[in-house]
Amino acid sequence: MTPLIAGGLVFATVGLLFDFQGMRSWLQESATSTTTEGCETIVQANAQLSREQLAQLLTIPERDAKERVRQIVSAPYCRLPELTVRSGVVAEREAYPLAFDPKTRLVILYEKDEYAGYRFSFE
């Protein structure tokens with residue numbers, strides 16, 4: 001009876017190791033896909049937004065010039081597909097992963113050359 005239990009334990013341990021490796025690779029793929037999820041074009045693969053940049057960005061009022069935002073944040077990580085938020089106005093969206101929370105992205109919305117707002121995208 002003891003060899004049967006020992007064999008079962010070995011079999012279960014090996015099974016857990018294989019399952020753990022599969023779970024680990026799945027988690028890594030999920031983390032990667034969150035960063036690139038929805039991206040149409042990767043602009044700067046190592047772009048991240050710091051806490052200081054985020055704090056400065058949140059002080060900019062909507063409808064300010066796009067260039068003012070660009071003075072704070074450099075090139076985005078990626079561009080998302082354009083969309084129409086208001087009738088007849090095509091909006092551009094750019095995504096920046098947060099350096100202090102890589103599972104969260106800040107998505108900035110521009111309409112023509114104006115800053116139109118932002119939202120956070122969470123995993």
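This is a predicted model: local features need pLDDT of at least 70, side-chain atom pairs count only at pLDDT 80 or more; totals for chains, interfaces and linings use all residues.
Residues are numbered from 1 along each chain as its sequence is written, and side-chain values use heavy atoms, with hydrogens and water left out.

The protein chain contains three helices and five strands, where helices (H or I, at least four residues) and strands (E, at least two) are DSSP runs numbered from the N terminus. Read from the N terminus, the order of elements is α-β-α-α-β-β-β-β. Of the 123 residues of the protein chain, 30% are classed as buried; buried denotes under 20% relative accessible area, exposed over 50%, and partly exposed the range in between (1.4 Å probe, protein chains only). Contacts are defined by heavy atoms within 4.5 Å. Among contacts between residues at least 6 apart in sequence, 50% join residues at least 24 apart.

The five strands make up an open sheet in the order β1-β2-β3-β4-β5, with antiparallel pairing; two strands are taken to pair if DSSP finds at least two bridges between them. Strand β1 pairs with β2 (residues 78-86) over two bridges, and T41 is placed opposite R79 in β2. The antiparallel pairing of β2 with β3 (residues 89-98) comprises six bridges, and T84 has V90 of β3 as its bridge partner. Between β4 (residues 101-111) and β5 there are eight bridges, again in the antiparallel sense.

Two hairpins are found in the sheet. The hairpin of β2 and β3 has two residues between the strands, and G88 adopts a positive phi near 80° there. The hairpin of β4 and β5 likewise has two residues between its strands, with K112 in the turn. Phi of K112 is near 55°, a positive value in a residue other than glycine. Most residues other than glycine have a negative phi. K112, in the loop between β4 and β5, is exposed, with a relative accessible area of 65%.

E111 belongs to β4 and has a relative accessible area of 3%, which places E111 in the buried class. Apart from neighbours within four places in sequence, the residues in contact with E111 are R63, V85, R86, V89, V90, A91 and A116. R63 itself is located in the loop between α2 (51-57) and α3 (66-72). At 36% relative accessibility R63 is partly exposed, and R63 has a phi near 75°, a positive value in a residue other than glycine.

R105 is also part of β4 and, at 6% relative accessibility, is buried. In β5, the residue opposite R105 is S121. A polar atom of the R105 side chain lies 3.0 Å from the backbone oxygen of E37. R105 and L49 are separated by 56 residues in sequence, with a C-alpha to C-alpha distance of 8.8 Å.

L49 is also one of the residues that line the largest cavity. On a 1 Å grid over the protein atoms alone, a cavity is a set of points where a 1.4 Å probe fits but cannot get out, and lining residues have an atom within 4 Å of a point. Grid points are joined across faces, edges and corners, and a volume is the space filled by probe spheres set on the points. The structure has one cavity of 30 Å³ or more, and the volume of the largest cavity is about 40 Å³. Its lining consists of A47, Q48, L49, Q53, V73, S74, A75 and Y96. By class, this lining includes five nonpolar, three polar and no charged residues, where Ala, Val, Leu, Ile, Met, Phe, Trp, Tyr, Cys and Pro count as nonpolar, Asp, Glu, Lys and Arg as charged, and the others, Gly among them, as polar.

Notes: On a 1 Å grid over the protein atoms alone, a cavity is a set of points where a 1.4 Å probe fits but cannot get out, and a pocket is an open set with protein on both sides within 12 Å along at least five of seven lines; lining residues have an atom within 4 Å of a point. A polar contact is a pair of N or O atoms within 3.5 Å; within protein, one must be able to donate a hydrogen and the other to accept it, and residues adjacent in sequence count only if both atoms are side-chain atoms.
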